[in-house]
Amino acid sequence: RNMGQQVCPALRPRQSAQRHMDEIELARLASAQPAQPRLDYDPAPCACAPCSAYRACVSPMFLVVWGIVAVNYLPYVVWYPLRTASWSCCIVVFHALVGLLLASYLMTVFTDPGTVPPEWHRAVAADRRLAADHRYCTKSGLYRPLRSHYCSVTRRVVLNLDHFCPWVVNAVGFYNRKFFVLFLLYTLLSCSWVLLTLLPSLLDVGALLAGDAPSPLPSPLHSTAAVRHRAVAGRSPHPISGFGWGPNRYMVVAMALMVDATLVLMLLCFFSFHAHMVLRNETTIEGPSPRFDVGWRRNAESVLGRDARLWLLPVWGGGPAGDGVHWPMLRERRSGSGASDDLEDGHHHDDGRLLSRGDESSSEEE
């Protein structure tokens, strides 16, 4: 009996290796993720978004944005009569915010959001197993990587498509999402700055036009420096006489501030919504995606880039972290008494997988 229980020493290494292979196979089957090779390729460089007939049709929205900027620029810089040190500082801040706003806007408009890499599509199409694991887009004739969607407006598959925005005349995707978020941020800051610094003066002018007493709100028009500036310039110390605004110009400024107030209220919600999605690694199309939430830092890097010093600047700076095709994700493993989340680095068999076969959305428009 004892001899029957003994194993030949020469067979022990072979049995140990077989046991190890069985454990690997069981672990792979338990994860329900078929192994597949990583399809490496270099991330796309900064490129200009392609033109289309629809983009040409909605191009007037481009002029509307510039018109809103001009309506604020005229009263704040050109029409405002004071040139005190404090107001000069306000103008410097205004120019900085507007410059960042326009730079972010232009980068959003003209940066290609990214599409399916041709080499990735050819590699998937040449492998029957990979082709079975990816959804084929009949409208574009391409296999769609993970988190990519077909945009019916631009008529192309966009990597990590968030939505199509007519204000920027472009789809917001993997490579230009940073600039879209910065455009929202600096539009909010610019409008808020104009309201905070120009509205008190406008209220004082309105009271004087109506023949009432000046507003108790602090205003550059009634500061000691402003009165001294008007006296040195040979003008009356009375604010309205040196202001030089007629009723028509005053109405233009009042309407501009009403537009700014409306934008501030809208962007407070809209920017907060998009900033939250960036930190959670979500998109408007996908909604809550806890599987892709790999920590706020890595989530932000996938949109804003790896260099945190460039996060608030509308520059390319190497582009977002990753390639828009392979995505790090969390994989939940359950064992015995509990569950734990393991971080997939995006370099293994989870790459390029679809979230679910039930996700049939092909495009989103704002």
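On a 1 Å grid over the protein atoms alone, a cavity is a set of points where a 1.4 Å probe fits but cannot get out, and a pocket is an open set with protein on both sides within 12 Å along at least five of seven lines; lining residues have an atom within 4 Å of a point. Grid points are joined across faces, edges and corners, and a volume is the space filled by probe spheres set on the points. By this rule, there are 5 cavities of 30 Å³ or more.

The model is predicted: local features need pLDDT of at least 70, side-chain atom pairs count only at pLDDT 80 or more, and totals for chains, interfaces and linings use all residues. Residues are numbered from 1 along each chain as its sequence is written, and side-chain values use heavy atoms, with hydrogens and water left out.

**Stop 1: the largest pocket**

Select Trp167, Phe183, Thr187, Leu263 and Leu267, which are the closest to the centre of the largest pocket among its 22 lining residues. The volume of this pocket is about 480 Å³. Helices here are DSSP runs (H or I, at least four residues), numbered from the N terminus. H4, H5 (85-110), H8 and H11 each supply at least two lining residues, and H8 gives the most, with 7.

**Stop 2: H4 against H11**

Next, select residues 60-79 (H4) and 247-280 (H11), whose axes lie 10 Å apart at an angle of about 125°. Axes are lines fitted to C-alpha atoms, for helices over the stretch in contact, and angles run from 0 to 180 degrees between N-to-C directions. H4 is therefore oblique to H11; angles under 35 degrees count as roughly parallel, over 145 as roughly antiparallel, 65 to 115 as roughly perpendicular and the rest as oblique. In contact (heavy atoms within 4.5 Å) are Ile68, Val71, Asn72, Pro75 and Trp79 of H4 with Arg249, Val252, Val253, Ala256, Asp260 and Leu263 of H11.

**Stop 3: H11 against H12**

Move to H12, whose axis comes within 6 Å of that of H11 and crosses it at roughly 110°. H11 is therefore roughly perpendicular to H12. Display Val278, Leu279 and Arg280 of H11 with Trp296, Asn299, Ala300 and Val303 of H12, which make the contact.

**Stop 4: the second largest cavity**

H8 (177-209) and H12 (296-304) each supply at least two residues of the lining, with H8 giving the most, 3 residues.
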